[in-house]
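Please consult the sequence and the structure shown below while reading.

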Amino acid sequence: MHSFDYENGSLHCEGVDIASIAKQFGTPTYVYSKATLSDHYTRLDQAMAPVDHMVCYAVKANSNLAVINTLAKLGSGFDIVSAGELFRVIKAGGDPRRCTFAGVGKTVDELRYALENDIYSINVESLAELETINQVAGDMGKVAPVALRVNPNVDAKTHKYISTGKSENKFGIDFSRIEAAYADAAERLPNVKLHGLQMHIGSQLTSVDPFIEAVKKVAPLAAKLKETYGIEFFSIGGGVGIVYHETLPSGHPDWWTNDSPSASPLTIDRYAAAILPELKNLGLRILLEPGRLIAGNAGALVTKVLYTKKGDAKTFQIVDSGMGDLIRPALYEGHHDIVPVAEPTTDEKETIDVVGPICETGDFFVQNADLPKLEQGNLIALLSAGAYGFTMASNYNSRPLPAEVMVDGEQVHLIRKRQTLDDLIAGESLLP
Ligand code: LLP
């Protein structure tokens with residue numbers, strides 16, 4: 001579902017008018033819907049009910065404390081990739097014992113921090129890392145629960161920057177080497193407990209087929225590892241894609257998991273129905289690590305048109321937000337539907353580029369798009385910006401980070417205040 005709809009001529013998030021949010025908190029501002037976050041988590045959790053499972057929300061998608069806290073209250077576990085993310089989970093009331101720790105470059109300090117907090121599993125991406133974990137755990141007088149990440153060499157058919165499950169990607173241990181790695185660890189590394197097996201083939205997958213291919217390939221291995229080493233879980237990673245196009249009008253319960261009308265729809269239910277048959281007889285706890293699926297369509301970035309500039313070749317709408325706040329268009333040619341906050345009263349369209357204020361040609365949200373006519377001062381919303389939006393934001397061009405708010409029914413809560421100019425230079429100092 002999503003919760004961005006026109007009501008009385010103005011775009012609302014749940015019961016709150018976005019124009020009033022912009023008035024109260026200024027622009028640019030990220031707006032999140034608590035109902036959507038909760039709905040996505042709950043529906044996935046319920047769809048997986050036929051097996052023992054744990055949903056570990058991928059914190060990197062949106063790590064605001066209020067987002068983590070909302071999911072923690074629903075019982076979510078968390079997939080983290082840094083000490084910073086674990087710190088956030090702890091501060092937000094999440095349970096470290098329901099955390100998995102991913103990433104190819106964990107430092108000794110991060111490993112110690114994770115072990116001090118008794119996390120559920122460290123998901124190991126190389127043999128060198130496994131050796132380090134064994135050493136760190138030994139030094140601490142602990143046994144580290146680990147899962148090795150297998151790289152199944154399956155093509156996720158997604159953007160090359162977010163494809164992770166092919167042999168040429170840096171992630172995981174090759175399928176051909178994984179059994180030897182478990183055998184080696186069992187024989188030589190007394191301070192690790194072989195707790196599970198993990199994989200993640202990529203992000204923003206819009207077809208169920210690569211998931212089925214990967215699960216079919218890896219499930220027999222999981223069964224064998226359970227038999228031989230007594231592993232307890234199999235994490236199938238995240239990666240379920242969302243709809244970035246045609247997000248309005250809403251009301252279609254599956255809209256957010258259909259990439260486009262012509263693509264094969266990947267709904268939560270279809271995803272679960274496709275993978276469960278391969279998983280349910282394993283007798284293992286199944287872990288899922290969704291990020292975008294939970295948070296993506298729960299958020300929008302609200303920005304204001306500063307200037308309209310008509311040139312020989314183009315018309316530019318220059319807005320007060322840019323690639324520093326939402327880098328997905330610049331980095332992955334990502335698309336975010338743009339809708340005016342004031343509902344258009346005519347069908348009139350104009351071909352425009354919506355661009356940011358940053359000194360880069362790549363600083364655009366959309367190019368040559370037919371959008372409703374906009375004027376200086378108009379507010380627009382970039383939809384589907386709840387995942388990998390704020391978390392990837394930067395201060396480039398010394399621009400303060402935007403505010404974040406969460407709507408809960410008729411209420412709006414400030415969940416991160418806009419940075420100030422002083423925030424920009426905090427921690428810096430002049431030479432003596
Ligand atoms: N598990 C692991 C080990 C991951 O690396 C990721 C994402 C996830 C789970 C969650 O994937 P999701 O369910 O969100 O697809 N910044 C990019 C996406 C990068 C994804 C990185 N890893 C974007 O904006 O498209």
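A residue is counted as near a molecule if its C-beta atom, placed from the backbone, lies within 6 Å of it. The model discussed here is predicted. Of the 20 residues around the ligand, those that come nearest are Ala-58, Ser-203, Gly-238, Gly-291 and Tyr-388.

**Ligand shell**

- The shell around the ligand consists of nine nonpolar, seven polar and four charged residues.
- At least two residues of this shell are supplied by helix H10 (292-295), and at least two by helix H11 (328-332).
- The ligand shell lies between domain 1 (4-29 + 297-425) and domain 2 (34-293), because both domains give residues to it.

**Overall fold**

- The chain contains 12 helices and 21 strands.
- For 432 residues, a compact globule would have a radius of gyration near 22 Å, and the 23 Å of this chain agrees with that.
- The C-alpha trace spans about 70 × 65 × 40 Å along its principal axes.
- Of the 432 residues in the chain, 48% are buried.

- Gly-202 is located in the loop that runs between strand E11 (192-198) and helix H8 (209-229).
- Because 27 other C-beta atoms lie within 10 Å, Gly-202 is classed as buried; the cut-off for that class is 20 or more.
- Beyond its neighbours within four places in sequence, Gly-202 is in contact with Ala-156, Thr-158, Ile-162, Ser-163, Thr-164, Gly-165 and Gly-239.
- Lys-160 is 42 residues from Gly-202 along the chain, and the C-alpha atoms of the two are separated by 9.2 Å.

**Nonpolar core**

- In soluble globular proteins, nonpolar side chains tend to be buried together.
- The largest nonpolar core has 121 residues, of which Val-31, Ile-133, Val-146, Ala-300 and Ala-381 touch the most other members.
- Helix H8 contributes six residues, the largest share of this core.
- Domain 1 (4-29 + 297-425) and domain 2 (34-293) both give residues to this core, so the core lies between them.
- Val-31, with neighbours within four places in sequence left aside, is in contact with Cys-13, Ile-18, Ile-21, Gly-299, Ala-300, Val-302, Val-405 and Val-407.

Methods:
Residues numbered from 1 in each chain as written. Predicted model: local features only at pLDDT ≥ 70, side-chain atom pairs only at ≥ 80, totals over all residues. Helix = DSSP H or I, 4+ residues; strand = E, 2+ residues; numbered from the N terminus. Rg over C-alpha atoms; globule rule 2.2 N^0.38 Å. Buried ≥ 20, exposed ≤ 12 C-beta atoms within 10 Å, placed from the backbone. Nonpolar A, V, L, I, M, F, W, Y, C, P; charged D, E, K, R; others polar. Domains from an automatic or database assignment. Contact = placed C-beta atoms within 7 Å. Core = buried A, V, L, I, M, F, W, Y, C linked by C-beta atoms within 7 Å.
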